[in-house]
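Here is a walk through a two-chain model, one piece at a time. Keep the viewer open while you read.

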Amino acid sequence: MRQFFNQFNKDFKQTFFNPVFFMMAGLCCSIWGFVFPRKLFEFARVAGVSPFAQGGMGGGGYNIYETVFISHLSLTHLLLLFIVPIFTMRLISEEKKLRTFDLLLTAPITSTKIVLGKFLAAYAVVLVLVILSFLYPIITSWFAEFNITLLVSAYLSIALLMGVYTAIGLFSSSLSASVMLSVFLGIIFSVALHFVSLGGQLSNNPLYSSVMEYLSVSTHLDNFFRGNIVSSSVVFFFIVIGFFLFMTQRVIESSRWRSQ
Amino acid sequence: MGINMIEVHNVTKKYGSRAAVENLSFSVKKGEVVGFLGPNGAGKTTTMKIITGYMVPTAGEVKIADEDIFENPIKIKQKIGYLPEVPPIYSDMYVDKYLYYVAGLKKCPKDTIKSQVDSVVEKVGLQPVRCRLIHNISKGFKQRTGLAQALIGDPEILILDEPTVGLDPNQVLEMRNLISQLRGQHTIILSTHILSEVQATCDRIIIIKEGKMVTQESLSSLREKQAQSRRRISVRVKNVSEDLIQELKQLKGIEDVTSSPNSVLTLSADTGVGSDLNERVAKVVINKGAGLVELSESFSLEDVFLKLTKDEKAEERNYTDPV
């Protein structure tokens with residue numbers, strides 16, 4: 001446990017106290033800061049009310065959650081899809097490049113602990129960004145009324161999805177000693193995850209299409225976005241995270257017997 | 001003393017079809033300092049990585065203190081400190097913080113971590129850079145940080161892969177002194193291709209070539225063997241003349257004289273020529289008025305090494321270090 005925490009501590013500090021993190025956080029905040037108020041005012045204009053004068057639930061079927069927050073969430077998702085691999089890129093590939101990997105492999109520590117320590121360190125850094133993004137709708141709640149549980153449920157799904165991206169990023173990082181390659185692979189794998197289930201609905205085989213539906217990320221995200229925290233969806237995210245962490249652990253172990 | 005600390009039995013490691021190490025067996029006794037020699041690509045690093053438990057050999061077994069390293073790797077790795085060719089340091093960490101991290105990684109008991117780090121820092125002389133970023137310290141200090149890393153946890157065995165490579169002569173000397181200081185406290189395997197280093201620090205040498213054992217002998221017995229086969233005298237003079245060389249060649253027992261551009265003549269001689277050979281050589285040089293600066297007779301490990309490992313193929317082969 002202490003070894004795991006030691007590893008976590010080191011990797012968290014290396015990722016968090018890094019100019020890259022602050023650049024990315026600054027970039028995200030400026031994009032959110034530019035887009036969010038504009039969406040909010042547009043909503044207020046269309047709904048015919050000022051968000052400062054009355055409650056957030058405007059008339060005419062307009063809903064602050066669907067028009068403002070969902071778009072803020074998809075923007076957050078889009079940004080993080082590219083940023084998470086940037087945070088995870090160094091975790092293993094740089095250790096390989098700088099040969100510090102030798103230290104890890106000859107130290108009395110299991111590769112499972114290495115992987116878990118690194119994963120949670122990167123995940124903690126990613127969650128800082130998710131929390132930053134969460135601040136925007138939360139601040140809105142000071143002058144607008146809306147159903148906050150819906151928002152929390154939606155953010156929970158984003159947090160879980162980021163866990164998946166972090167695990168994918170860690171896996172891509174373990175594949176090569178090139179930092180750039182691991183970023184690209186991370187982005188490609190993350191995007192590909194959304195297309196795995198494509199075409200599942202077209203099949204006549206009910207088993208096939210139901211399996212494909214379960215594998216579809218958007219099905220699970222929809223549940224959360226509608227405020228249903230379904231256990232099978234939570235399990236789905238944990239399975240995908242576990243799968244990629246397991247793969248990473250296998251890749252690390254493989255360097256004990258592979259030729260190159 | 002006397003107990004085998006490291007036992008390597010018939011270890012073979014293949015990269016694809018090429019064997020980096022083939023059927024290698026040797027053992028190292030507790031407290032011994034062993035020099036591991038070989039040309040580049042001979043399999044030194046691979047063998048060391050196998051002993052540290054970094055890699056699994058294709059065949060054979062490795063025992064550390066009578067325990068198979070692959071049966072209980074975590075426990076055995078605690079007994080080994082390893083300094084790879086490239087010191088495994090994070091340039092964005094402070095020296096101090098890095099050593100604390102390594103101590104945590106090596107499972108040092110929590111209450112001893114601070115004293116461990118303090119004593120290691122003192123031992124390798126890192127005090128001046130303790131609170132500096134690793135990125136900003138000199139190469140010599142980086143190498144020492146690497147050695148400090150290996151020493152943390154007070155391992156019984158130290159495995160040092162080319163610890164002096166790339167250092168300036170002063171730093172090489174310091175590193176060598178450091179290693180000599182560690183003698184007696186640890187069992188040390190030291191790989192290098194700098195032969196004077198081995199002469200200065202090791203009890204015994206193991207020479208491998210193309211993954212196979214060539215010889216393993218104590219330094220003194222090698223020295224004896226060398227003395228039996230040939231004598232080598234080097235003479236430094238102020239002005240070399242063809243005349244002088246001819247005259248030296250005619251001395252009894254001298255087999256060959258070679259001159260190098262910096263006015264050093266190297267004489268090889270039969271062993272049976274008697275102990276007054278040096279005097280006779282000196283006399284000739286002085287009589288010729290060549291200006292004798294230095295005359296020495298040396299045991300050179302280089303000769304042994306060259307004789308044992310000479311192979312044109314090995315030089316041509318492009319060696320890539322496995323990661």
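## Ground rules

This is a predicted model, so to speak of local features a pLDDT of at least 70 is needed, side-chain atom pairs count only at pLDDT 80 or more, and totals for chains, interfaces and linings use all residues. Residues are numbered from 1 along each chain as its sequence is written, while chains are lettered from A and ligands numbered from 1 in the order in which they are written.

## The two chains

Chain A has ten helices and zero strands; helices (H or I, at least four residues) and strands (E, at least two) are DSSP runs, numbered from the N terminus. Its C-alpha trace spans about 65 × 50 × 30 Å along the principal axes. Of the 260 residues in chain A, 38% are buried, meaning that 20 or more other C-beta atoms lie within 10 Å of a residue's own, with C-beta atoms placed from the backbone. Among the chain A contacts with a separation of 6 or more, 77% are between residues 24 or more positions apart; a contact here means C-beta atoms, placed from the backbone, within 7 Å.

Chain B has twelve helices and 14 strands. Buried residues make up 38% of its 323 residues, and residues 24 or more positions apart give 70% of its contacts with a separation of 6 or more. Chain B is split into domain 1 (4-224) and domain 2 (230-300), with bounds from an automatic or database domain assignment. The centres of these two domains, taken over C-alpha atoms, are 41 Å apart.

## Where the chains meet

How many residues of each chain are in contact with the other? The count is 21 residues of chain A and 26 residues of chain B. On the chain A side, α1 (2-16) and α4 (101-106) each supply at least two residues, and α1(A) gives the largest share, five residues.

By class, that side of chain A has seven nonpolar, eight polar and six charged residues. For the classes, Ala, Val, Leu, Ile, Met, Phe, Trp, Tyr, Cys and Pro count as nonpolar, Asp, Glu, Lys and Arg as charged, and the others, Gly among them, as polar.

## Two open sheets in chain B

One open sheet has four strands in the order β2-β1-β4-β5 (chain B), paired antiparallel; strands pair if DSSP finds at least two bridges between them. In chain B, β2 (18-29) and β5 (67-68) each have a single partner strand, so each edge strand has one side without a neighbour in the sheet. Further in, β1 (residues 4-15) and β4 (residues 59-64) of chain B pair antiparallel over five bridges, with Val8(B) bridged to Val62(B) in β4(B). Helix α1 (residues 44-52) of chain B packs on this sheet, touching β1, β2 and β4 of chain B, and its direction makes about 120° with that of β1(B). Axes are lines fitted to C-alpha atoms, for helices over the stretch in contact, and angles run from 0 to 180 degrees between N-to-C directions.

Another open sheet has six strands, β6-β7-β8-β3-β9-β10 (chain B), with mixed pairing. Its edges are β6 (80-83) and β10 (212-218) of chain B, each with a single partner strand, so one side of each lacks a neighbour in the sheet. From one strand to the next the twist averages 15°. At the β10(B) end, strand β9 (residues 204-209) of chain B pairs antiparallel with β10(B) over six bridges, and Ile207(B) has Thr215(B) as its bridge partner in β10(B).

## A covered helix

Helix α5 (residues 139-151) of chain B lies across β6 and β7 (157-161) of chain B, running at about 165° to β6(B). Is α5(B) mostly covered or uncovered? Mostly covered: eleven of its 13 residues are buried, including Phe141(B), Leu147(B) and Leu151(B). The cover includes α4 of chain A, together with β6, α3 (95-105), α4 (113-124), β7 and α6 (169-182) of chain B.

Gly153(B), which follows α5(B), has a positive phi, near 90°.

Strand β11 (residues 231-237) of chain B has a covered face of Arg231(B), Ile233(B), Val235(B) and Val237(B), and an uncovered face of Arg232(B), Ser234(B) and Arg236(B). In a regular strand the side chains alternate between the two faces of the sheet.

β11(B) pairs antiparallel with β13 (residues 264-269) of chain B over six bridges, where Ser234(B) is opposite Thr266(B). β11(B) also runs antiparallel to β14 (residues 292-297) of chain B, joined by five bridges, and there Val237(B) is opposite Leu292(B).

Conventions: Buried ≥ 20, exposed ≤ 12 C-beta atoms within 10 Å, placed from the backbone. Contact = placed C-beta atoms within 7 Å.
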